[in-house]
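Colleague: I am new to this one and would like to learn how to read it. Could you walk me through some features?

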Amino acid sequence: MIDIDRTGPIHTLTINRPDKAGALTEQMLIDLRDAVLEAKDAAALILTGTGKVFSAGADLDAARAGLATSPLWEELSGAIAELPCLTIAALNGTVAGGATGMVLACDIRIAVPTAKFFYPVMKLGYLPQPSDPVRMAALIGPARTKLIFLAGEKITAHTAYTYGLVDEIVEDGAVTDRARELCADSSAADSSKARDIKAICNQPLKS
C-alpha cells in the first residue's frame, strides 16, 4: 500500500490506499519510515498519495489498537526532517491527523485546490505527536496552530496557502509533475552543494 519509486535521483513514495482514504496502518508507517531512511543518497524525495485524499491519518481500527500513540509517527517525521536532500509533500488531497506530521517535516508543501487540513486528536481523546504542533507553529505561528489543534478548525487549501502552511496550489492531476519540476535543479546539481544550501537555509538566525 506504499508504492516506492527509486528509479532515478528523485525518490517518490506514494500512499496507495484510496479505498480507505489513505488511512495508515502500522505496516504502512514502517514502510514509509524505512523508505525515507533509505533515501539518504537521493537528490530529492517526494511524498504523495492516490485518489482525492492524501491521508486520513491512522486507520481507525489500528488507532484503537494502539497506533494512535505509536512512536512510529515521530520516527517517520524525524527521518524526513533529517534528510539532507530536498523533500516535497505533493498533496493530492486532504491531510488529517497524524499524517500531517510527515507533511510538516517536508521542506516544501504543494496541494491541489480541494485539499483540506485538520488534526482532530483532541476530539478523539489523543495528544498530537510532540513535534507536530512545534513544526506547525514554526510555519504559521502559535495562534493559528491553536486554531487547528484546540479549536478543531478544518482549513481549506486557500487558507493554508494564506497562512503559509502550503507553499503553492497546483491544479488537480498535476501536483506530482509540479513536485518533480521543483526537484529538477537539485537533482541536476552537485549533490554536496545542494545539501550545503539546504543546511544553510535550515540554520536559525543569529541574534
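Modeller: Gladly! Rings of Phe, Tyr and Trp (its six-membered ring) pair if their centres lie within 6.5 Å; planes under 30 degrees apart count as stacked, over 60 as edge-to-face and the rest as tilted. This structure holds one aromatic pair. Its partners, Tyr 119 and Phe 149, have ring centres 4.6 Å apart and planes at 40 degrees, so the pair is tilted. The two residues are 30 apart in the chain, and both are buried (under 20% relative accessible area, with a 1.4 Å probe and protein chains only).

Colleague: What should I know about the model itself?

Modeller: It is predicted: local features need pLDDT of at least 70, side-chain atom pairs count only at pLDDT 80 or more, and totals for chains, interfaces and linings use all residues. Residues are numbered from 1 along each chain as its sequence is written, and side-chain values use heavy atoms, leaving out hydrogens and water.

Colleague: Which side chain joins Asp 132 in a polar contact?

Modeller: A polar contact is a pair of N or O atoms within 3.5 Å; within protein, one must be able to donate a hydrogen and the other to accept it, and residues adjacent in sequence count only if both atoms are side-chain atoms. Here the side chain of Tyr 119 meets that of Asp 132 at 2.6 Å.

Colleague: And where is Ala 21, and what is its phi?

Modeller: Ala 21 sits in the loop between strand 2 (10-15) and helix 1 (26-37); helices (H or I, at least four residues) and strands (E, at least two) are DSSP runs, numbered from the N terminus. Its phi is near 55 degrees, a positive value in a residue other than glycine.

Conventions. Buried means under 20% relative accessible area, exposed over 50%, partly exposed in between (1.4 Å probe, protein chains only).
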